[in-house]
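This report goes through one structure step by step, beginning with a single residue and ending with the contact between chains. Please look over the sequence and the model before reading on.

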Amino acid sequence: MYSEKVMDHFTNPRNVGELENPDGVGEVGNPTCGDIMKIYISVKDGIITDIKFKTFGCGAAIATSSMVTEMVKGKTIEEAMKITNKSVAEALDGLPPAKMHCSNLAADALHKAIEDYRKKQAS
Amino acid sequence: MRKVYLDHSATTPVHPEVVKTINHYLTEAWGNPSSIHSFGREARKGLEEAREKVAALMGANPEEIVFTSGGTEADNMAVIGGAYAREKDGKHLITSQIEHHAVLDAFKYLEKQGFEVTYLPVDEDGLVRVEDLRNAIRDDTTLISIMHVNNEIGTIQPIEEIGAIAREKGILFHVDAVQSYGKIPVDVNKLNADMLTASSHKIYGPKGVGCLYIRKGVRIPSYTHGGGQEKKRRPGTENVPGIVGFGKAAEIAAQELEGEMKRLTALRDKLIKGIEERIPEIRVNGHRTKRLPGNANISFRYIEGESLLLSLDMKGIAASSGSACTSGSLDPSHVLLAIGLSHEIAHGSLRMTLGRDNTEEDIDYVLEVLPEIVERLRSMSPLYQRKETCKQKECYAHVQ
């Protein structure tokens, strides 16, 4: 039911963990629905220099978290803001229909981390 | 890679002897049991022998057995047929919150047709409280349906007591015995059942066949119309290969029941104890002793069931979970919620159901592999991280 890419990212997730002094942190989901994603970013000169994630959830939740970290590492925050949940799913060669809305929130978590970074910059 | 199948409550492999029996009725004795000639008579003979074997394993008379396409059809027949059979006496029905969907959804259908249904809660072990049942009974209550063994947590209900109350009040009593028939003793008279559902593929028989026991004298309407098969209660040419396979499976189950109960109880206890010793922050779901011999259901905090299943599958271990991701809905299992688990704990549940091919070595292998998998998934979980920095309750309040 999952693509090979999903299974690869589930089995060998990239960038798992936390950053010690992140510039931004974003979290989506809740334990009720069974998925929580938390993303930590480091930003330097408008570029995401480091990114880590922690996820409680199903195979799709873990794989999309891993994929989004790979997609944006080294990218500008503007480029990162353009990434959507849909494009993350496409990069994984698709997700089963049932997973598209409940476990495909990694881009949302990333955007929240960027918003958090921007807020901190503004204050 | 070692393959360990721990999902026997989902389905079981067909016993080689059963395969032989089925094969004979596919290739040699393929007649229509309704035909008068020798081909038909041979098929009829096989069919009636199977009926005797299936009946014997539940202490019933063969003429009280109606073969169906499986447990779901039999449950629907019993619940819907039972409700309409007594419609003139009342429209109040009683079941429990933890029934299989084949029963629950039949009751939901009846609610739409104007019946009133009481869904009894269960305690934290998954047991129906007999007092609750007594209190729920009204003058217009006509049908009670309670499962013998729960398919997820393996809890064995006090069916004898419930049946005695139903009998005393003159209320029809149906028992969904899909998870108990052939695995623990089932006797329709001891259980005081008026109707009882059993399924073939849970006891090493083929899929697509089951039966409903209907006590002599109990009449329920039929919703299938056609020929006179199964005394008009379930018309249509009989699934002879499936039914004879079911009969053979019942015959073998009867011979092996006592030994398998002992063996599987020991293996199950070894598995549960082993997990308790090796992995912290778990919860054993279901009653500890009033429990199906082969059932272990455990919640692992901070992780989600589907991830656990995928990881186990990669190690050759097949199990199931009550998480939303595996139930096809947004909510985790209704059974786990009914025993009082929070959504988060319910999402992290793992059901392992043992069967005839499982060995001590299988359990050792699971106990070797599982702790690493749980540790890996926990290390990725933001909930687990929080636990180290704040008290659990505060953590959950924070993430809600």
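## A residue in a loop

In which loop of chain B does B:Gln229 lie? In this predicted model, the loop that holds B:Gln229 runs between strand 8 (210–214) and helix 7 (240–278) of chain B.

B:Gln229 has a relative accessible area of 12%, and therefore counts as buried, the cut-off being under 20%. Apart from its neighbours within four places in sequence, B:Gln229 has contacts with B:Ser34, B:Arg234, B:Pro235, B:Gly236, B:Thr237 and B:Glu238.

## Two domains in chain B

Chain B is split into domain 1 (4–9 + 257–399) and domain 2 (16–253). Domain 1 of chain B brings 23 residues to the contact, and domain 2 of chain B brings 27 residues. Taken over C-alpha atoms, the centres of domain 1 and domain 2 of chain B are 30 Å apart.

About 2200 Å² is buried between domain 1 and domain 2 of chain B, with carbon and sulfur atoms giving 57% of this area. On the side of domain 1 of chain B, the residues that lose the most area to domain 2 are B:Leu257, B:Leu292 and B:His334, which together make up 27% of what that side buries. Between these two domains of chain B there are 0 salt bridges, while 14 residue pairs are in polar contact.

Helix 7, strand 10 (295–300) and helix 10 (334–338) of chain B each supply at least two residues of the side of domain 1 that touches domain 2. Helix 10 of chain B gives the most to that side, with 4 residues. Sorted by class, the side of domain 1 of chain B that touches domain 2 holds 8 nonpolar, 10 polar and 5 charged residues.

The area buried between chain B and chain A is about 2200 Å², and carbon and sulfur atoms give 64% of it.

How many salt bridges are there between chain B and chain A? The count is 1 salt bridge. A:Lys99 forms a salt bridge with B:Glu306, with 2.6 Å between the closest N and O atoms. Chain B and chain A also have 10 residue pairs in polar contact.

Key
Residues numbered from 1 in each chain as written. Chains lettered and ligands numbered in written order. Predicted model: local features only at pLDDT ≥ 70, side-chain atom pairs only at ≥ 80, totals over all residues. Heavy atoms only, no water. Buried < 20%, exposed > 50% of the residue type's maximum accessible area, 1.4 Å probe, protein only. Contact = heavy atoms within 4.5 Å. Domains from an automatic or database assignment. Buried area = accessible area lost by both parts, 1.4 Å probe. Salt bridge = Lys/Arg side-chain N within 4 Å of Asp/Glu carboxyl O. Polar contact = N/O pair within 3.5 Å; in protein donor to acceptor, adjacent residues only side chain to side chain. Nonpolar A, V, L, I, M, F, W, Y, C, P; charged D, E, K, R; others polar.
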